[in-house]
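Here's a quick briefing to read alongside the model.

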Amino acid sequence: MAFPTPPAILTSRDLRAAELEQSPADTLLRMYAWMHLARTGDNRILELFRQGLIRGTVTGGQGNEGLIIPLALLADKSLDVVSFTHRDFGGHLIWSGHLCEHLNQYFANAASPTKAREGNIHHGDIPNRSLPMISHLGAMLSTVAGTTDSQRRKGKPAVGFAFFGDGSSSTGDVHETMNLASLLSLPVIFVIENNGYAYSTPTCEQFAAGTELWKRAAGYGIESFALDTTGDLTKTTQALAAAIAKVRSTGRPMLIEAHTLRLRGHAAYDTCDYLLPGESDGFFARDSIPRLRAELIASHGAPAVEAVENELNAFLEACIKVALATPRPSPAGMEAEVFAPASPPYPWKPEPSVPAQLNLAQAINLALHKIMSERPESVVMGQDIGTYGGAFKVTEGLLKEFGRPRLLNTPLAESACTGYAIGLALNGHRPIEEFQFADFATEATTQITLNAGTMFFRSGAPCPLVLRFPCGGGLTFGSFHSQELESFFLSMPGLKGLYPSTAQDAFNALLAAYEDNNPVILFEHKALYRRSRTPVVWDPHYRQVWEPRHVRAGDYATFVTYGEMVHLAEETAEYFASEYEVTFDLFDLRALSPLRLDSIRASLARTGRLVVLHEGRRTHGFGAELVAQLTEEFFSRLKAAPLRIAALDLPVPFAPELENAFRPTKEKIIDTITRWMG
Ligand SMILES: Cc1ncc(C[n+]2csc(CCOP(=O)(O)OP(=O)(O)O)c2C)c(N)n1
Ligand SMILES: [Mg+2]
């Protein structure tokens, strides 16, 4: 169905501050048109929700227009970066797209920009650098910082706009990101939409140190100021224009505490009974839209203003009709769109052409070196990875050769740094982020699983990201430096996982992960980093690392494992072959997500027996999924119950005696298999 033509007054989505001086009355009328459309649109969305035509909930921006309309008009939509919040419907209207597209999102119909996979205002327009918000408040700030930096790295003088509420300003990501933006000198304007409440909680219950939120910026070396955006629109617009111009030219971040209103409570279901008697009337008395309307009637006459309103209202109703008439979404294709499709291989140089004897850490260093030499869009980041070369020296020498900003040390802020990496990835860069230990990735759980992992499914935008996880135990590092987190992270959709057990596979895995259009976790067992040196060479079949490796042939049982356990499994298989002439068909899984199990299934069809071995905990462990997926087809033909060998269901204990009792060891593996064989 064709979209209705917008009224002429909406033709331009841009505003230069000088226009307010050159033709103040007409400029204000043009701004009023956007404010009226945003307000009426929000009101109609609320009504349609109450009629049951919009699902989920709706969180209106009534009272936020005095901020979001001038700011969105002033931004350079061809350069700048934004992530609107649940109060910023008006910003979406101005930034890009047709009103119908935004309504399609609310109606969650077949033409919704998120394919109806996300609700109400959780959409964006990534090609135009409007980044879709996730519900987790505060989480989008770092992503805006990343895309803004990506723009700057491309030589574009962009400014990022990171919006968040007074309540959201209590989240850790806000602090991590303001610090990061100041450290990296990123031109991001952090805008607190302070409407006085977080759901029912007043601002004074969010902070002990007073309610002047703008003062927090001093702690990060960021300039800041407060601005009442419910007041005079011309003054607000001029203040915002000056701030944008300053950030654009200095490249430094800034914090603006914008006082706004929340005229309709938190959301459609909010009873607002926490407000004091008459408090709501006070909000409406401060509403800038009726005041501006009165001014415009004085300057243009009532008929002119009403004519604009009538045209906008008719346009809105026509658009609602179109959106309502659009078919409902189909579940077809959902499962195929969890991951971005495979891209063609990069034209890698066939180097190194002569095999080098390397350990696993050196193999990864070599792959990083190759990527940084051949792929200018790559960015390598992590804690202590610069001069120091990383906790495990995997990045040794790279800073010297490639310098900043290709390689950067990050502060201890895993969440914001991962959000920043996501932002880089959404704009054409390809970050590789080292976590000092895999265990610290739990700090970035929201960013990894909910922001990056769901990105393609809900927005259609690829999020190519390599997350390097030095993992695993056996080194007496205790619970916080030894974990195997594959079942924890990979139970969430949209994340790929590779777990190499040899130096060559590690080299191949990093190249394969790098050119994949999805977030890929690269599990690197710390005990393998320096264990032995084996030949590493350019391998044109590097993408085969997404398939299991057949390590050893046998016929008694199919034996599946990965990571460091591959080496224990080989020793075990050797033992059984030489002592009992019992042979195992041994597979190194290599790719943990997506699972490609065809060759292993074929083996199981032949052997009828299955052994699964992994280092992580047994209950809810990765082996449970492997056993289920491998046996459901052959259950009736199995000759024995599948055997799962894993760690005990404990936190990783520290002392070597305790850790040995916790983890699978060669002796325990042999014992368990012997008992299983009867
Ligand atoms: C991290 C997080 N915790 C809790 C929620 C649930 N929640 C949604 S909106 C909201 C209040 C947000 O208040 P504020 O940041 O001031 O924004 P406002 O709604 O007032 O614009 C809460 C608690 C959430 N979305 N994210
Ligand atoms: Mg609030």
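Which residues coordinate the magnesium ion (ligand 2)? Asp166 (OD), Asn195 (OD1) and Tyr197 (O) do, at 2.0 to 2.1 Å. Bear in mind that this is a predicted model, where local features need pLDDT of at least 70, side-chain atom pairs count only at pLDDT 80 or more, and totals for chains, interfaces and linings use all residues. Residues are numbered from 1 along each chain as its sequence is written, chains are lettered from A and ligands numbered from 1 in the order in which they are written, and side-chain values use heavy atoms, with hydrogens and water left out.

**Magnesium site**
- Along the chain, the donors of the magnesium ion (ligand 2) are spaced as D-x28-N-x1-Y.
- Donors here are N, O and S atoms within 2.8 Å of the metal (3.2 Å for Na, K and Ca); water is not among the atoms, so sites may look incomplete.
- Asn195 is buried at 9% relative accessible area, and Tyr197 counts as buried at 12% (buried is under 20% relative accessible area, exposed over 50%, partly exposed in between, with a 1.4 Å probe and protein chains only).

**Helix H12**
- H12 takes in residues 360-374 (helices are DSSP runs of H or I with at least four residues, strands are E runs with at least two, and both are numbered from the N terminus).
- At the helix start, a side-chain oxygen of Asn359 comes within 3.1 Å of the backbone nitrogen of Ala361.

**The seven-stranded sheet**
- The strand order of this open, mixed sheet of 7 strands is E10-E9-E11-E12-E14-E13-E19 (two strands pair if DSSP finds at least two bridges between them).
- Strands E10 (407-409) and E19 (591-593) form the edges, each pairing on one side only.
- From one strand to the next, the twist averages 20 degrees (axes are lines fitted to C-alpha atoms, for helices over the stretch in contact, and angles run from 0 to 180 degrees between N-to-C directions).
- H12 packs on the sheet, touching E9, E10, E11, E12 and E14, and its direction makes about 140 degrees with that of E9 (contact means heavy atoms within 4.5 Å).
- E13 and E14 run parallel, joined by 3 bridges, and Gly497 has Ile521 as its bridge partner in E14.
- E11 and E12 also pair in the parallel sense over 3 bridges, with Ile432 opposite Val466 in E12.
- In E12, 7 of 7 residues are buried: Leu465, Leu467, Phe469 and Cys471 point one way, Val466, Arg468 and Pro470 the other.

**Asp585**
- Asp585 sits in strand E18 (residues 584-588) and is buried, with a relative accessible area of 2%.
- Its side chain makes polar contacts with those of Ser603 at 2.7 Å and Arg606 at 2.8 Å (a polar contact is a pair of N or O atoms within 3.5 Å; within protein, one must be able to donate a hydrogen and the other to accept it, and residues adjacent in sequence count only if both atoms are side-chain atoms).

**Thr665**
- Thr665 is in the loop between helices H21 (656-662) and H22 (666-677) and is buried at 14% relative accessibility.
- Leaving out residues up to four places away in sequence, Thr665 touches Leu568 and Asn660.

How values were computed
Expected span 1.5 Å × (residues − 1).
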